[in-house]
Amino acid sequence: MTFHELILLFTVFVLSIFLGFELISKVPPILHTPLMSGSNAISGITIVGSLVSAGSSLDVNVNLFGYQTSVSSLLGFIAIIFATINVVGGYLVTDRMTRMFKKK
Amino acid sequence: MNQDILIIIYLISSALFIFGIKQLSSVKTARQGNLTSAIGMLIAIIATLFDQKIVNFELIIIGLIVGALIGAIFALKVEMTAMPQMVALFNGFGGGASLLVAVADYFKESPSEVYIAVSIFLSVLIGGVTFTGSLIAFGKLQGIVTEKAVVYKFQHPINLLLLIITIVAGIFLSMDQLTTSQILSGIGLDIFVGENLLILITILSLIIGVLIVIPIGGADMPVVISLLNSYSGLAAAMTGFVLGNAVLIITGSLVGASGIILTNIMCKSMNRSLLNVMLGGFGSTTASKSQAGAKEIVIKEVGSEELAMMLDGASNVIIVPGYGMAVAQAQHVVKELMDELEKRNVNVRFAIHPVAGRMPGHMNVLLAEAAVPYDKLYEMDQINDEFANCDVAIVIGANDVVNPAARNNPNSPIYGMPILNVDKAKTVVVIKRSLNPGYAGIENELFGYPNCLMYFGDAKQAISKLIQELKEL
């Protein structure tokens with residue numbers, strides 16, 4: 001990543017925060033719990049990074065019960081489990097909640 | 001897959017997340033919105049699997065299956081009353097994942113630039129605090145860790161010191177290794193170079209996460225969960241800077257903003273600053289003070305039969321649920337009570353205080369689960385003027401959020417907090433297990449008011465009994 005790319009990413013970061021404020025201040029209090037669990041699931045987007053961490057290393061510096069791998073792959077592996085729990089659990093639980101809300 | 005195509009697919013995912021959140025802002029489209037954002041996530045995951053950088057799929061497949069199974073079991077088994085701790089737990093795993101990805105990146109290759117090292121440090125710090133902080137919040141809500149505020153001597157100086165040490169370590173991590181090792185060996189700390197320094201930062205971040213959540217009591221959890229939600233987003237955004245990946249940055253900052261907004265709403269609803277909540281210890285010191293000066297409150301009790309007759313003759317009833325309703329799992333009998341009253345042409349509405357329960361919107365979800373139509377649920381500002389026209393206000397397991405001391409008594413710790421004006425109703429009935437004070441540790445002067453009647457009992461049993469009496473009328 002060059003410094004130029006960093007500046008671009010930082011621009012994206014700042015604009016996204018503004019977008020977030022605009023989007024979410026419109027959510028009514030009745031939906032605050034689904035909003036929270038739904039946005040929680042979205043924050044599991046780190047899964048994208050964890051997939052690369054777990055699958056891209058060619059080093060072999062760890063032997064786990066006979067399985068040859070690297071420290072970064074192993075950390076990525078745990079990260080995949082964590083992030084998948086976050087993503088799958090978050091979306092399912094939000095679905096359970098949002099389908100309960102019914103008008104008379 | 002070509003990196004440029006991957007970036008375009010990530011952009012599509014980001015757009016789906018944004019559109020999904022937009023749909024989440026209306027009850028009618030909320031479920032669709034969640035699906036939209038889930039599709040965005042699926043696209044991002046599948047596209048990443050085609051990334052040329054990925055050469056080994058064994059760990060990936062096992063990880064995805066294990067994580068999906070655990071997540072699905074949790075999500076499908078959890079009781080709606082336990083939703084706050086579930087959200088806290090999922091949140092913690094998200095933070096933990098960001099922490100691990102940042103550490104893995106450092107172990108793969110030492111950061112080439114200062115700003116990458118800084119991003120790794122911030123990912124680890126925020127991710128670590130989110131991980132253990134959320135686990136402690138989960139423990140508190142689940143009853144594994146004490147719900148009370150844990151306070152001890154020098155608590156804040158210790159936390160501050162740890163944070164300063166962590167930041168200093170982060171600065172060393174960002175400098176080039178030669179300079180760092182020269183400085184550190186000068187003070188005999190030369191083992192903390194490179195990877196060891198990052199491990200030290202990780203451990204410190206995890207400890208800070210525990211220490212900042214333990215002093216916060218149960219009823220302040222809506223603030224804590226919102227804040228940790230915001231942190232998990234920010235951690236993902238920081239990881240985005242580590243990997244140079246815009247989709248993580250966009251999504252992470254959306255979630256970060258969402259958490260900050262909710263945190264702000266929760267704090268305002270308690271008339272307290274975020275700093276006041278985070279410093280913790282609320283309610284643990286005020287209990288003895290208030291008992292000394294307060295005059296004895298004389299209460300009036302009401303039985304189920306008398307109460308049934310009163311409700312039978314009412315035309316306007318407002319129900320105010322609180323955390324006690326969740327604890328007693330009373331939402332279904334509350335719905336039954338509503339049906340019983342509506343059969344008698346009583347207008348029944350629900351008044352929801354923003355901080356009722358243990359997370360934002362907690363009461364709404366419980367009542368929706370019990371099939372109470374959402375157009376009967378009113379926000380505080382919508383319904384507060386209606387209490388004056390209401391025959392009976394029924395308070396179920398709520399306390400501080402209906403305490404008129406918040407309006408009248410400048411010495412009260414909750415003075416200035418916006419409350420539901422149940423005392424303006426012709427009659428207020430408080431369903432409560434005992435006269436124990438609420439979370440703030442103060443007596444509720446409402447209980448001594450001439451128009452207030454106490455109906456003692458576990459919320460679920462007490463309301464079941466009331467429904468029986470109503471049916472026998």
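Helices (H or I, at least four residues) and strands (E, at least two) are DSSP runs, numbered from the N terminus. This is a predicted model, in which local features need pLDDT of at least 70, side-chain atom pairs count only at pLDDT 80 or more, and totals for chains, interfaces and linings use all residues. Residues are numbered from 1 along each chain as its sequence is written, while chains are lettered from A and ligands numbered from 1 in the order in which they are written.

**View 1. B:F154 sits in the loop between α5 and α6 (155–174) of chain B.** Its phi is positive, about 60°, yet B:F154 is not a glycine. Most residues other than glycine have a negative phi. B:F154 counts as exposed because it has 9 C-beta neighbours inside 10 Å. (A residue is buried if 20 or more other C-beta atoms lie within 10 Å of its own, exposed if 12 or fewer, and partly exposed in between; C-beta atoms are placed from the backbone.)

**View 2. Helix α10 of chain B spans residues 246–269.** From first C-alpha to last, its 24 residues reach 35 Å, close to the 34 Å expected at 1.5 Å a residue. That expected span is 1.5 Å times one less than the number of residues. The helix is mostly covered, with 21 of its 24 residues buried. Just after α10(B) comes B:N271, with a positive phi of about 50°. B:N271 is not a glycine. It lies in the loop between α10 and α11 (274–279) of chain B. With 14 C-beta neighbours inside 10 Å, B:N271 is partly exposed.

**View 3. Helices α13 (residues 304–312) and α19 (residues 459–472) of chain B cross at roughly 60°.** Their axes, lines fitted to C-alpha atoms over the stretch in contact, come within 8 Å. The two helices are therefore oblique to each other (angles under 35 degrees count as roughly parallel, over 145 as roughly antiparallel, 65 to 115 as roughly perpendicular and the rest as oblique). Residues of α13(B), including B:L307 and B:L311, meet residues of α19(B), including B:L466 and B:L470. Contact requires C-beta atoms, placed from the backbone, within 7 Å. By class, this contact has five nonpolar, one polar and four charged residues. (Ala, Val, Leu, Ile, Met, Phe, Trp, Tyr, Cys and Pro count as nonpolar, Asp, Glu, Lys and Arg as charged, and the others, Gly among them, as polar.)

**View 4. Chain B meets chain A through 97 residues of chain B and 79 residues of chain A.** Helix α4 (residues 83–108) of chain B gives the largest share of the chain B side, 17 residues. That side has 61 nonpolar, 26 polar and 10 charged residues.

Notes:
Two residues are in contact if their C-beta atoms, placed from the backbone, lie within 7 Å. Axes are lines fitted to C-alpha atoms, for helices over the stretch in contact, and angles run from 0 to 180 degrees between N-to-C directions.
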